[in-house]
Structures are given as structure tokens and as C-alpha cells.
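Thanks for passing this one along. Here are my notes, as numbered points to read beside the coordinates.

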Amino acid sequence: MEINYLFPNKFKKIGWLLLIPSAIMGLITLLYECEPGFLDFDLPAIFIDDFSKEQKLYGMVKNNILNEILGILIIISSLFVAFSKEKLEDEYISKIRLESLVWAVYVNYGILLLSFLFIFDFSFLWVMIFNMFTVLLFFIIRFNWQISKLEKSARHEE
Amino acid sequence: MKNSIKVERAKKNITQANLAILAKVSRQTINAMELGKYVPSTVLALKLAQIFDVEISQIFTLEDSDWA
């Protein structure tokens, strides 16, 4: 049975090559609030709600696009890493994939629920920022861990 | 569900790796089935029966726990 909702196997490597540097740069950008001047642009935007000015449905805004670029890179590359076919994507791997996805959603929302209860105000912004990426991150960790466990147990046989 | 994949394999003298190639699945999947960790789809079960040239019920048998 052909699975057509996954990327070809080679996208996994491309994904890792993009994900690792962009995740590191993303963290640095976030922690040190990097906003290099050459990435300042006037951009078209919708739902503009500036604290100091009026609310507008659409218009132009000034924005530094470094975080947008890194966010897009992280999301696309983690999608590649998460949803590229294994070398031999058979039905058992698909089952592990599904289980890992459910597990990742549970863990992600479990952590989010705890954050709702114990983290407030500005600190919660950090939760929201990380939560944009954590479902995929938890999935990637769990799925690869299960696959490597499988490979190890298969190597013991015969 | 119990299966006798390992026995059938021994009879035909096929390794896990070779069976995996014949059935077009990974070796881990064959291993997981033999260990009872994974119940294959009907398609894969039928493929295995064809490879071993036996009836499907000769490889796979239900257990009481399957009715629980």
C-alpha cells in the first residue's frame, strides 16, 4: 500500500541539515533579542493591533524579519524530519508513527495544561513561543527513539 | 494472536532478513511479529502465507485473549 502523505526519504536528511542550525540560531535570537538592521522592512499586514496606535484590519507595519525567517525554517525543516519516509516505510513503522504522534500530542497538551495552571503573564509568552514547535519536537524525539529501540532489538536476534 | 513464522522460516531455511526482502517489509517488522509485538495486516499475513506456501491459518492462530 502506497502512503502518499509522507515526504521522500531524502527529505529527512535535508530536514536535519536545516533544523539544527536554524533551531540554534532561533534560540540565540530569542534569548539575545537579535534584530539586525538590514532585516528591517515595511511589510503588508492584516489584523494590526499596535498598543500605541489604532487597530486596523490591514496596512503596513515596520518589522524585523529575522524571527519570521527562522520560525519558517524551523517549522518546514521539522516537518521534513518528522514526516519523511523511513528507508523502508512498512506497516509496522506506520503504526509506530501513529502511536508517536498521539503520544506527542498528549505530552504537548499535558505540558500546556500545567503551564496554564502555573505560569502567568509575560512568562506565558515564552510558553506560547515554545509551544509553536513542541508538538513536532516531541514527535521527532519519540518516533526516532522507538525506531532505534526497534533496530537494537532486531540486531540481538539471529 | 500467536504465529509460527519462526517455525515456518526454519522449515524453509529462510533468515529474518531474507523473509523481510521477500515480503517487502523491514527486518524489524519480521522480528516484531515473531516476538508477538506486532500483529500484521491481512495483506502482509496473506503475503507470508504465500511465501511459505501454506494456509494462513497454519501460521496465525487466535488466542483466548483476542476475544477479551
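1. Let me begin with a helix pair in chain B. Helix 2 (residues 16-23) and helix 3 (residues 27-34) of chain B have axes that come within 8 Å and cross at roughly 110°. Axes here are lines fitted to C-alpha atoms, for helices over the stretch in contact, with angles from 0 to 180 degrees between N-to-C directions. Helices (H or I, at least four residues) and strands (E, at least two) are DSSP runs, numbered from the N terminus. Helix 2 of chain B and helix 3 of chain B are therefore roughly perpendicular to each other. On the scale used, angles under 35 degrees count as roughly parallel, over 145 as roughly antiparallel, 65 to 115 as roughly perpendicular, and the rest as oblique.

2. Which residues bring these two helices together? From helix 2 of chain B come Q16(B), A17(B), L19(B) and A20(B), and they meet R27(B), T29(B), I30(B) and N31(B) of helix 3 of chain B. Two residues are in contact if their C-beta atoms, placed from the backbone, lie within 7 Å. Sorted by class, the contact of helix 2 with helix 3 of chain B has four nonpolar, three polar and one charged residues. Ala, Val, Leu, Ile, Met, Phe, Trp, Tyr, Cys and Pro count as nonpolar, Asp, Glu, Lys and Arg as charged, and the others, Gly among them, as polar.

3. A word on provenance before going further. This is a predicted model, in which local features need pLDDT of at least 70 and side-chain atom pairs count only at pLDDT 80 or more, while totals for chains, interfaces and linings use all residues. Residues are numbered from 1 along each chain as its sequence is written, and chains are lettered from A and ligands numbered from 1 in the order in which they are written. The model scores ipTM 0.89 and pTM 0.90. Chain B averages a pLDDT (the predictor's confidence in each residue, from 0 to 100) of 95, and 100% of its residues score at least 70.

4. Next, chain B as a whole. Five helices and two strands make up its count of elements, in the order β-α-α-α-α-α-β along the sequence. Its radius of gyration is 11 Å, which agrees with the value near 11 Å that a compact globule of 68 residues would have. That radius is taken over C-alpha atoms, and the globule rule is 2.2 Å times the number of residues to the power 0.38.

5. Chain A has four helices and two strands, and follows the pattern α-β-β-α-α-α. With 158 residues, the globule rule gives 15 Å, but the radius of gyration of chain A is 20 Å, well over that, so chain A is more spread out than a compact globule. Its C-alpha trace spans about 70 × 35 × 30 Å along the principal axes.

6. Within chain A, look at helix 2 (residues 66-82) and helix 4, whose axes come within 10 Å and cross at roughly 25°. These two helices of chain A are therefore roughly parallel to each other. I74(A), S78(A), L79(A), V81(A) and A82(A) of helix 2 meet F133(A), L136(A), L137(A), F139(A) and I140(A) of helix 4. That contact has nine nonpolar, one polar and no charged residues.

7. Finally, how do the chains meet? In the interface, 12 residues of chain A are in contact with 14 residues of chain B. Helix 3 (91-118) and helix 4 (121-156) of chain A are the elements that give two or more residues to the chain A side, and helix 4 gives the most, with four residues. The residues on that side divide into six nonpolar, one polar and five charged.

8. One helix pair spans the two chains: the axes of helix 4 of chain A and helix 3 of chain B come within 9 Å and cross at roughly 70°. The two are therefore roughly perpendicular to each other. L150(A), E151(A), S153(A) and A154(A) make the contact with R27(B), Q28(B), N31(B) and A32(B).
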